[in-house]
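Work through the exercises below on aromatic rings and their surroundings. Each task is followed by a stepwise solution.

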Amino acid sequence: MIRRLTLLLCALILGAVIPLSAQRRVTPVKPRDPGSTPAVTDVTKTIDPSRLVTTVDAEGNSVTVDTVTGLEYVDSTLLKAPPKMEYPLLHQVIVGVNLWDPIMRALGQKYGLGDVWGEVSLHNRYFPYFALGVGSINDTPINQNYTFKTPISPYFKLGASYNFFYNSNPDYRLQMGLRYGFSTYKWSVLDVTVDEGYWDKPSHYSLDDLSHTAGYLEVTFGIKVKIAGNFSAGWTLVYHSVLHESKSPYGKPMYIPGYGKRNGAFTGNFSVMYTIPINKKQVEEVKL
């Protein structure tokens with residue numbers, strides 16, 4: 001009798017254990033070095049279980065995703081490790097001078113002055129950006145009957161860039177950025193000539209010191225190369241578009257400081273910059 005009870009008890013235990021083992025849960029692992037053997041760890045020791053969701057990939061495999069880090073796991077194996085940052089968080093500070101407008105004015109352009117800017121290198125990957133500059137114009141367009149003028153006026157730009165070569169030599173970058181620019185200024189249209197055909201005698205008038213504000217978007221794509229020491233040069237292609245501006249009963253001004261004329265969607269920048277290293281010791285360890 002006792003023997004039969006023992007056999008029945010063993011059967012019940014096996015019946016409960018086998019279904020549990022069949023319902024094996026996918027548990028994530030800590031990111032591992034390439035080439036090492038995956039180590040299965042307890043989910044309660046690595047990731048909060050409430051952060052895990054199970055989904056199905058394009059091939060029909062069940063995938064566990066960490067909703068905080070975005071890491072994916074199949075059968076306790078990390079599918080795709082996050083990219084390793086070779087450079088420290090606070091890597092460099094870069095200050096520069098935009099020489100595009102001064103060079104273009106020397107070649108005959110009638111508007112623009114220039115700006116100074118600075119950015120911070122985060123992991124040599126992300127570059128928050130700020131610029132402060134001034135612009136002006138005094139231009140009489142060819143075959144036109146007026147002179148457009150804006151005194152020296154300030155503008156600023158705020159944005160960030162992304163370096164595609166973030167784990168490579170920081171002396172050389174290929175980057176894309178997004179910036180917002182804003183300016184408040186005054187503009188004038190002087191010596192407007194109206195030809196009075198009937199009396200055969202032209203008349204003249206002017207619009208003086210009209211206040212205006214404008215905000216615009218810039219999408220940039222550029223490169224940076226080392227010149228010597230901590231000095232570098234950078235060329236940037238800029239697509240820009242006006243986002244908002246104040247209204248005027250006399251129409252839109254032809255020039256916006258920091259933006260330029262409205263006669264094209266593309267412009268450019270050329271800057272000379274100086275790099276100030278931060279966490280130099282950590283960078284040297286990376287190179288070793």
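**Exercise 1.** Classify Phe-130 by its relative accessibility.

Solution. The relative accessibility of Phe-130 is 42%. Buried means under 20% relative accessible area, exposed over 50%, and partly exposed in between (1.4 Å probe, protein chains only). Phe-130 is therefore partly exposed.

The model is predicted: local features need pLDDT of at least 70, side-chain atom pairs count only at pLDDT 80 or more, and totals for chains, interfaces and linings use all residues. Residues are numbered from 1 along each chain as its sequence is written, and side-chain values use heavy atoms, without hydrogens and water.

**Exercise 2.** Determine how the rings of Tyr-216 and Tyr-259 are arranged, and whether each residue is buried or exposed.

Solution. Step 1: rings of Phe, Tyr and Trp (its six-membered ring) pair if their centres lie within 6.5 Å; planes under 30 degrees apart count as stacked, over 60 as edge-to-face and the rest as tilted.
Step 2: the centres of Tyr-216 and Tyr-259 are 5.3 Å apart and the planes stand at 70°, so the pair is edge-to-face.
Step 3: Tyr-216 has 0% relative accessibility and counts as buried; Tyr-259, at 9%, is buried as well.

**Exercise 3.** Find the ring over which the charged end of Arg-179 sits.

Solution. Step 1: the criterion is NZ of Lys or CZ of Arg within 6 Å of the ring centre and within 35 degrees of the ring normal.
Step 2: for Arg-179 the ring is that of Tyr-129, with a distance of 3.8 Å from its centre.
Step 3: Arg-125 likewise lies over the face of Tyr-166, 4.0 Å from the ring centre.
Step 4: Tyr-166 also belongs to a cluster linked by ring pairs, together with Tyr-126, Tyr-162 and Phe-164.
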